[in-house]
Amino acid sequence: MEGSTPHLFGRSTVHTFQHDVARAAAAVADRVGTVRRPYSGASLTDLQAMVDAVDLDRPLGDTDAALDEVGRLYLDHAVWFHEPGYVAHLNCPVALPALSAEVLLAAVNSSVDTYDQSTTGTLIERRLVDWAAGRIGFGPDADGVFTSGGTQSNLHGLLLAREASAATDLSRMRILATAEAHFSVTQAGILLGLGRDAVVPVATDDVGRMDPVALTAILDDLIRYDLVPMAVVATAGTTDLGCVDPVDAVADACARYGVWLHVDAAYGCGLLVSTRRRHLLDGIERADSVTVDFHKSFFQPISSSAVIVRRSAAMRRMAHHADYLNPRTATVPNQVDKSLQTTRRFDALKLWMTLRTVGAEQLGTMFDRVVDLAEDAHRLLIDDPDFEVAAAPTLSTVLFRYRPAWLDVDTCDTLTPRIRARLFAGGEAIVAGTTRKGHHWLKLTLLNPATTVEHLRTVLDRVRETGWELLTEDDPRLATAVV
Ligand SMILES: *Cc1c(COP(=O)(O)O)cnc(C)c1O
């Protein structure tokens, strides 16, 4: 044995392990210590050539050499979410204790599908599910499981809704959500066999929140046409506008019609620990199932998400048993009984380490801070005649575009995605893009509590300069025409 497996983790390699992890940590720390922009700005063509040039059939033989190579391939061109110029998607800088947890859970390699592969891993995950359920306001009958992300949590919640439905004809089942809901809801409808048109859009108010009156009208209509409202999805933090549907009013309608309520709080789950904005989630305790993405507003490394249900029986209904894994007669808790995955990472340890080190209150303050920052960004934008803003923020996103008064809307629509692409190519600032009612917008998604208004001012100046640069490249006469 000794010496025959020098590359596998075990008793004879613990020193190599420590050396390797320290080197890996040093390599990433070296970049983070020196990097001053979210991206190198390398082109796809160059990166493709670099990756293609590696001969995967000629190993380098030792981790140090492979790490050096990966440093050049990956670390030198990674997109850094901790850099204040990164304001694009729902990615957060990660909590340090969670990174220590990553080392542990990857090395031990526990699989939390069964108790006999994870022991306290299973118990720790269950405590965290109970903790999250408590924060939601569910009673002692709640249950849940960690998942790979909000997409899987939404699928799981809607699967439970389908199984809880008295109806059996899938083609008649409908899911109600606003047009602002995440695309994974539509995808879940397809995966669950309901078809592409299963999601019925519910009208929103002028802010983008579900209109409970419109919801009731649609529920009436569906029933009149002999269709089955299988679930209502209320989004607590929409991906574009950060809107929070009025969960309590939606829960009233669901209760009246006996419809499953799924709350997609993938983004807004940070409100669960917010000291100043928890009220935005009022009514979430009446949901049947809830999606929470700790890898968004709890500052956790990907993956860390969970689906939490109010009544454990709903989840147990989906349990399947295999004699080789989780026999019916088991006297220990096997999380696979309620998961869509089998072999599964012990991601829960990251949240555990974070709660034990930082605590929920501090996490909530960090989330509140990025929401405050979005309000600051909004103020900067509305005070600036070069920019147009789509809506006031609720959480930490702001939709805007570069549009001085003299710029017509068609030109602005072609310009906006080009600004975004050129910014990315420069590597200094990364913003997201979306469309609303056929028009292009840029999006700031703020999840970095260390970002300041000054940083945002710099990003907005880059957007402005880039817009002007592109316009004058298209039409050099512009430089003299506009003063
Ligand atoms: C991000 C997001 C999802 C999907 O979550 P993943 O973790 O990316 O799979 C679902 N719903 C909403 C509202 C989201 O913002």
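Colleague: How many salt bridges does the structure hold?

Modeller: The structure holds 39 salt bridges. Keep in mind that this is a predicted model.

Colleague: What makes D64 and R23 a salt bridge?

Modeller: Their closest N and O atoms are 3.4 Å apart. The cut-off for a nitrogen of Lys or Arg and a carboxyl oxygen of Asp or Glu is 4 Å, so the pair counts. D64 sits in helix α3 (residues 63-73) and R23 in helix α1 (residues 14-34), so the pair ties together parts 41 residues apart in sequence.

Colleague: Why is D64 called partly exposed?

Modeller: D64 has 21% relative accessibility. Buried means under 20% and exposed means over 50%, so a value in between is partly exposed. R23, at 27% relative accessibility, counts as partly exposed too.

Colleague: What makes E163 and R162 a salt bridge?

Modeller: The N to O distance there is 2.9 Å, and the limit is 4 Å, so the pair qualifies. As for cover, E163 is partly exposed, with a relative accessible area of 31%.

Colleague: And how do you know that R276 and D372 form a salt bridge?

Modeller: By the N to O distance again: 2.7 Å for this pair, and being within 4 Å is what the term asks for. The pair links distant parts of the chain, with R276 in the loop between β6 and β7 and D372 in helix α13 (residues 360-382), 96 residues apart. Salt bridges that share partners also join R276, R277, D368, D372 and E375 into one network.

Colleague: Why is R276 called partly exposed?

Modeller: R276 has a relative accessible area of 47%.

Colleague: What is K296 in contact with?

Modeller: Setting aside neighbours within four places in sequence, K296 is in contact with L90, C92, A266, Y267 and L447. Contact here means heavy atoms within 4.5 Å.

Colleague: How do you know that G270 is buried?

Modeller: G270 has a relative accessible area of 0%, and under 20% is called buried. G270 lies in the loop between β6 (260-265) and β7 (289-293). Not counting residues up to four places away in sequence, G270 touches S297, F298 and F367.

Colleague: How far apart are the C-alpha atoms of G270 and A22?

Modeller: They are separated by 32 Å, and the two residues are 248 residues apart along the chain.

Colleague: Which residues make the nonpolar surface patch?

Modeller: V94, L96 and L99 make a patch of about 270 Å². V94 is in the loop between β1 (86-87) and α4 (96-108).

Colleague: One last thing: at what angle do α5 and α12 pack?

Modeller: Helix α5 (residues 120-136) and helix α12 (residues 348-357) pack at about 65°, with their axes 9 Å apart. The crossing is left-handed. I124, E125, R127, L128 and W131 of α5 make the contact with A348, L349, L351, W352 and L355 of α12.

Terms used. Residues numbered from 1 in each chain as written. Predicted model: local features only at pLDDT ≥ 70, side-chain atom pairs only at ≥ 80, totals over all residues. Heavy atoms only, no water. Patch = residues over 30% accessible without salt bridge, like charges linked within 9 Å, V, L, I, M, F, W, Y side chains within 5 Å. Areas by Shrake-Rupley, 256 points an atom, 1.4 Å probe, with all protein chains shown as cover. Salt bridge = Lys/Arg side-chain N within 4 Å of Asp/Glu carboxyl O. Helix = DSSP H or I, 4+ residues; strand = E, 2+ residues; numbered from the N terminus. Axes fitted to C-alpha atoms, helices over the stretch in contact; angles between N-to-C directions. Left-handed = near helix turned anticlockwise from the far one by under 90°. Buried < 20%, exposed > 50% of the residue type's maximum accessible area, 1.4 Å probe, protein only.
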